[in-house]
Structures are given as structure tokens and as C-alpha cells.
Amino acid sequence: MTAIQHVFTESLPDLIDASEYSRYPEGALVRLRISVTDAGVEILGDGLRPELIERVLAAIGDGPMEQMLCG
Amino acid sequence: VTGDTEPRWRAAMFGEPAGAGRVRCTLCPFRCVLGDGQVGVCRVRRNEAGALRTATYTAAVTHLTAIERKPFYHVRPGARVLTVAGPGCSFRCDYCINSRLSQYGRDDDAPWLGEPARPAELAARAAAAGALLGMSYSEPSLAPELTLDLAAQGLPVVWKSNGFVAPAAIKVLAPALLAVNIDVKAADEAAHRHLTGASLAPVWRAIEEFRAAGVWVEISTPLIPGTCAEPEALRAIARRISSIDANIPWHLLRFTPDYRMRNADPTSPAALGQARDFGHEAGLRFVYVERALGAEGRNTSCPGCDAQIVNRGIWRMVQNVIRDGRCPECGYAIPGRWGER
């Protein structure tokens, strides 16, 4: 399996609103948006546990994975 | 930025001879004594033939974002910041969301990234966007040489830092900095050492030293389970901040399970609300929660008359009615850096 390339990006859209936090106290929420773009298929993931999003995205394909940084 | 796969080393400040070809790095409180070829605890400063060298004059990331994202809430609301970051950190926090950048030299998942920073180009890009310059994401205090060269371009510079900086270095760097947001991640030494690998006392000292040198300071506390998310720890941190100055803004950050702390749960909104209450009980006038409590967690109210003076959205300013640093309703002087330096 090819190693996933991680890319730091300035901004990504939110798919989860803060008002939903209390409904998922253990953080078991991942939301995905799949779009067809001129460049191919783009999958946007949002979640309360980054590891879960990354596992889902890695299982789908080995394209570059963008992530935002904290701070 | 993609760039190099190996660091490019250049002459570093804060090195002194330590005998027999060794060099002592005096930048941070670790005060590493390095034999030839050895790197410090930070992994990005080393002894090369008896001279201290640094890999931190590097731009791996250059992002233009809102100043509220650092977070700074009392520094030029609505301003944008061109943030520059290279790999490296003096801490090894188990929860670090930025570990792929910060933990270079410790983790295989954090390869070298970036290319030599070009301060004039970065400043020109920031100026064209009407932005300040910032250093964040990894540990900016490990890059004093780049900080000074960025400041020399004439734009204000801000840091988001772990505060683990030696007082002598702060004296040199403070004139180059408009503001610093410092993480306080624990209430006691043992918990701080367990989480970060470093002592807590120098962080508190740095907060006082920066303030004494005229740098605006805000404090952030991520609610890390087992370290500082518990009520007594939060109360202790709030009391300590208040004892320094009740006007210091305190940002309470939601813990996200990641890196080596994937088993814990994310911080609940109720816990953040409780932590905010602890801050107010300790006398702090400005306590903020960025998302989980909605807009009221982000807004600034005047301590004099309770009028809302800054309204914020997520990572953005919506309205700021502060004029000449004062509340327009009652004239109360609102602490911060609101306008030109």
C-alpha cells in the first residue's frame, strides 16, 4: 500500500456544527461529503476524532490527504 | 510549501562554549549541552564543529488566516495573519494535533518539510494582504533568528507558543513581538512534565517576562484529560492567571482525541462551560470558548457596563465597537492591542 501524503492546508469547510457536540460525547461521528470535480473525486471529511476520518479516507484511496493545523 | 527533505542548518543565536568542543544552547530552559553533531531536545538546534546551528529558519507552512484562529481576541480583531511555521518543538505533548509538523526528529510520521524562509518575500505577501506576520503550529520560540528577521521587515509579529523560553532570550525577542499566546497545559509540575516532557515553572515565568517587556499576552488551556481537564486543575490555573492580571484573556480549548491520546473522549460543551465559570470565579474578566458555547463564548463584554463590544463568529470578527481602546458606552479602557503598534 502506498504511504498517504499528508498536506497542511489553510482551511477546510466544516461539516459538523458545535451544537452537535453534546449528542456525541464519545466523539463517534464522522461526516463525509463526496464531490466530483474537474480534478477527480474529492472527499471532504469532518469528525470529532481525526483518526476515524483518516482511517475512512485511507480505506477509500491513497490520494493526498489535506489537514488543517491547530493554532 | 514542499521543498527540502533534509534540514538546512545555519548559524544560531544563544549558543555558548561549554568546553571540549561542546556548546550550550541557552535559548530554552533545557539548556542542552551538545557534543559535536548532537541535536538538542528540540531536534532542530545542534552543535556543528563547536558552533550552534539551527534548522528553524524554515517555512514549511505559510497560511493566511484570521488572527482569531491563533487565538488572539484582544489583538486587532478581524486582522489576518500570515503564519509561518517550520518543523520542531521543545515539547512532546501526547495530544498534539500538529504532531506531523511539531514532532520532527521524534516521530517517523513527522518528516522534514519546508525550505529556507525568505523574510522579505513573506513580509511582502503579508503586506499585500494587509496582514500581520505570525509564527505558530510548531514552536516559534525555537526560531529566534527568523523572528528577528521577520520583525525587521517592519510588520508586527505574533507567536502562538508553549512559553518554554529562557528569560534572557525573551529580553532579546520581546521588542520584535506584538503579542504572544502561551499555552498553560497543567496546574502542577508533575502533570506538565508527564504531558510535555518539560517543567511548568518556566512557562509561568515567561508569561510574566513577556508582559514586563511590553508584549501583549493571552493564555490558552486545552482541557486535556488527566492533565488539566479536572476542576481542581482548572481552578488552580485560573487563580494563577488572575493573580498575575485578571485582564489576561484566557482561552479554553476543546480537547480532540488524537496522536497518542486517542482513547480519551473529546471535551464536552458542559465541561467547557464549567471551566469558563471557574475562570470568572477566579476573577478573570475575559474568558473565551471558541465554538462549543456558541457566540456568547466568543464575544467580549465590557467589564465596566457589560455592553457587548466585540462580537465574533467562528474564527472571524463580526463587529468591534471599541474606539481608541475604550468601551463606547462607558469609556472603560479595554485591555489589548487594538490599533497600530
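In this predicted model, 28 residues of chain B are in contact with 21 residues of chain A. The area buried between the two chains is about 2300 Å².

**Where chain B meets chain A**

- Carbon and sulfur atoms give 53% of the area buried between chain B and chain A.
- Four salt bridges are counted between chain B and chain A.
- One salt bridge joins the side chains of A:Glu51 and B:Arg262, with an N to O distance of 3.7 Å.
- That distance falls within the 4 Å cut-off, so the pair qualifies as a salt bridge.
- Between chain B and chain A, 13 residue pairs are in polar contact, with both residues at pLDDT 80 or more.
- On the side of chain B that touches chain A, two or more residues come from each of these elements of chain B: strand E8 (61-66) and helix H1 (99-102).
- E8(B) gives the most to this side of chain B, with five residues.
- By residue class, the side of chain B that touches chain A divides into twelve nonpolar, seven polar and nine charged residues.

- B:Pro71 lies in the loop between E8 and strand E9 (80-85) of chain B.
- Strand E8, at one end of that loop, is also the element that gives the most residues to the side of chain B touching chain A.

- B:Arg31 sits in the loop between strand E3 (22-25) and strand E4 (33-34) of chain B.
- The relative accessible area of B:Arg31 is 42%.

- The loop between strand E17 (300-301) and strand E18 (308-313) of chain B holds B:Asp306.
- B:Asp306 has a relative accessible area of 59%.
- This value is over 50%, so B:Asp306 counts as exposed.

Definitions and conventions: Residues are numbered from 1 along each chain as its sequence is written. Chains are lettered from A and ligands numbered from 1 in the order in which they are written. This is a predicted model: local features need pLDDT of at least 70, side-chain atom pairs count only at pLDDT 80 or more; totals for chains, interfaces and linings use all residues. Side-chain values use heavy atoms; hydrogens and water are left out. Contact means heavy atoms within 4.5 Å. Buried area is the accessible area (1.4 Å probe) that two parts lose on being put together, summed over both. A polar contact is a pair of N or O atoms within 3.5 Å; within protein, one must be able to donate a hydrogen and the other to accept it, and residues adjacent in sequence count only if both atoms are side-chain atoms. Helices (H or I, at least four residues) and strands (E, at least two) are DSSP runs, numbered from the N terminus. Ala, Val, Leu, Ile, Met, Phe, Trp, Tyr, Cys and Pro count as nonpolar, Asp, Glu, Lys and Arg as charged, and the others, Gly among them, as polar. Buried means under 20% relative accessible area, exposed over 50%, partly exposed in between (1.4 Å probe, protein chains only).
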